[in-house]
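These exercises go through one protein model, from the whole chain down to single residues. Try each task on the structure before reading its solution.

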Amino acid sequence: MFFALTSDQQEFGAAVRGYLADRFDIDAVRAVVDDRDSDGHPASLWKAAAEQGWLAVTVPEEHDGLGLGLIEAQVIARALGAGVAPGPWRGTVLAAEAIRLAGSDEQKAAWLPRLAAGDAVGAFTLRGSAPGTLPNVEYGAVADVIVARSGDGLALVETGAFTATPLRSYDGTARVASVHVEGAGEALPGATAEVVADLEARATVLVAADLTGVAREALSRTVAYDREREQFGVPVGSFQAIKHALADLHVGITMAEHASLYAAHAVDEKQDDAALAVAVAKAKASDVALQATAAMIQYHGGIGFTWEHEAHFFYKRAKRLAGQYGDGDAQREKIAALTI
């Protein structure tokens with residue numbers, strides 16, 4: 001069986017990458033990273049996410065969305081990872097997914113059109129529980145609604161029902177906050193244990209896809225640089241040791257890309273091997289993103305270690321995301337439990 005993105009899915013990803021290259025390139029990312037006192041939520045990028053359907057990707061058509069699936073969402077996540085793009089895209093999409101899968105008809109009508117249009121910012125976390133403190137919520141300080149655990153289920157917490165304290169993060173391409181929720185929030189009635197597990201799988205796939213985008217772009221930039229950088233009168237990329245290392249990274253990234261794509265398909269189709277596919281995808285993506293971004297620093301020579309070069313954007317993003325929803329070691333434990 002040949003399994004790959006359709007032409008429409010490929011064009012969707014190309015459109016996101018094209019926008020970032022033309023309208024929000026690495027210099028725009030640097031401006032966000034350097035301004036650590038900002039909320040890290042660029043208005044121009046958010047407007048584009050709304051206008052081009054990035055936020056509406058999995059929202060049903062009856063709620064003003066595109067009605068697509070997790071495969072298309074991971075295509076966007078991969079492109080945003082390649083651009084080390086800031087902003088609360090993933091949290092908003094996951095909040096919408098939680099409401100779509102577990103919300104009441106009234107909750108869906110109230111929130112899904114707003115989230116799809118970018119009129120509301122969402123956040124999603126499975127760490128902590130409401131009421132109480134939710135640690136390290138991505139873009140919690142700018143969220144209009146947060147979907148979080150509450151007991152055995154999930155709750156929808158609106159602005160005014162929580163306070164967010166911005167926290168410092170070594171990854172300047174994202175902002176995090178400690179969120180304190182006073183009450184239990186508004187329960188999502190369909191948040192069964194199965195639905196919560198499904199949402200965790202969807203979140204894990206999107207993080208894995210972001211990591212594969214980071215890894216692929218890190219490798220592409222490294223290869224381009226080492227084709228031109230010369231030592232002893234020849235490009236350093238012609239040295240056998242470097243060629244072999246970069247070739248191994250290419251193979252590893254390709255495997256992670258396919259694993260993330262298949263995991264998205266398996267989750268959407270509720271296949272029996274979905275949990276295994278998600279664990280494999282996250283393990284591969286976490287490992288290879290750390291390897292590729294470390295190699296990016298190393299194979300750029302001295303300049304790769306400087307603040308002025310963009311290598312640290314990729315490495316820090318990979319380092320932060322590699323541990324989300326379980327790092328490579330944690331995922332391999334899941335794989336063992338599912339297969340042995």
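**Exercise 1. The whole chain**

Task: Find what share of the contacts in the protein with a separation of 6 or more comes from residues 24 or more positions apart, and describe the overall dimensions of the protein.

Solution. The model is a predicted one. Step 1: of the contacts with a separation of 6 or more, 71% join residues 24 or more positions apart. Step 2: the protein has 11 helices and nine strands. Step 3: the radius of gyration is 20 Å, close to the 20 Å from the globule rule for 340 residues, so the protein is as compact as a globular protein of that length. Step 4: the C-alpha trace spans about 70 × 50 × 35 Å along the principal axes. Step 5: 54% of the 340 residues count as buried. The protein exposes about 14700 Å², and carbon and sulfur atoms supply 53% of that area.

**Exercise 2. A sheet**

Task: In what order do the strands of the open sheet of four strands lie, and why is one side of β1 and of β7 left without a neighbour in the sheet?

Solution. Step 1: the order is β1-β3-β4-β7, and the pairing is mixed. Step 2: β1 (122-124) and β7 (186-187) stand at the edges; each has a single partner strand, so one side of each lacks a neighbour in the sheet. Step 3: strands of a sheet pair through backbone hydrogen bonds, either parallel or antiparallel. Step 4: β3 (residues 145-150) pairs with β4 (residues 153-158) in the antiparallel sense, over six bridges. Opposite Ala 148 stands Ala 155 in β4.

**Exercise 3. An aromatic pair and the cores**

Task: How many aromatic pairs does a search of the whole structure find, and which residues have the most contacts inside the largest nonpolar core?

Solution. Step 1: the search finds one aromatic pair. Step 2: the ring centres of Tyr 19 and Trp 54 are 5.8 Å apart and the ring planes lie at 80 degrees; planes over 60 degrees apart count as edge-to-face, so this pair is edge-to-face. Step 3: Tyr 19 is in helix α1 (residues 7-23), while Trp 54 is in the loop between α3 (43-51) and α4 (70-82), so the pair links parts of the chain 35 residues apart. Both residues, Tyr 19 and Trp 54, are buried. Step 4: the largest nonpolar core has 95 residues, and Trp 54 and Trp 89 have the most contacts inside it. Helix α7 gives the largest share of this core, 15 residues. A second, separate core has 11 residues, including Leu 134, Ala 143, Ile 146 and Val 179. Step 5: beyond four places in sequence, the residues that Trp 54 touches include Phe 12, Leu 45, Ile 76 and Trp 89.

Definitions and conventions: Residues are numbered from 1 along each chain as its sequence is written. This is a predicted model: local features need pLDDT of at least 70, side-chain atom pairs count only at pLDDT 80 or more; totals for chains, interfaces and linings use all residues. Side-chain values use heavy atoms; hydrogens and water are left out. Two strands pair if DSSP finds at least two bridges between them. Helices (H or I, at least four residues) and strands (E, at least two) are DSSP runs, numbered from the N terminus. Rings of Phe, Tyr and Trp (its six-membered ring) pair if their centres lie within 6.5 Å; planes under 30 degrees apart count as stacked, over 60 as edge-to-face and the rest as tilted. Buried means under 20% relative accessible area, exposed over 50%, partly exposed in between (1.4 Å probe, protein chains only). A nonpolar core is a set of buried Ala, Val, Leu, Ile, Met, Phe, Trp, Tyr and Cys residues joined through side-chain atoms within 4.5 Å. Contact means heavy atoms within 4.5 Å. The radius of gyration is taken over C-alpha atoms; the globule rule is 2.2 Å times the number of residues to the power 0.38. Accessible areas come from the Shrake-Rupley method with a 1.4 Å probe; for residues, only the protein chains shown count as cover.
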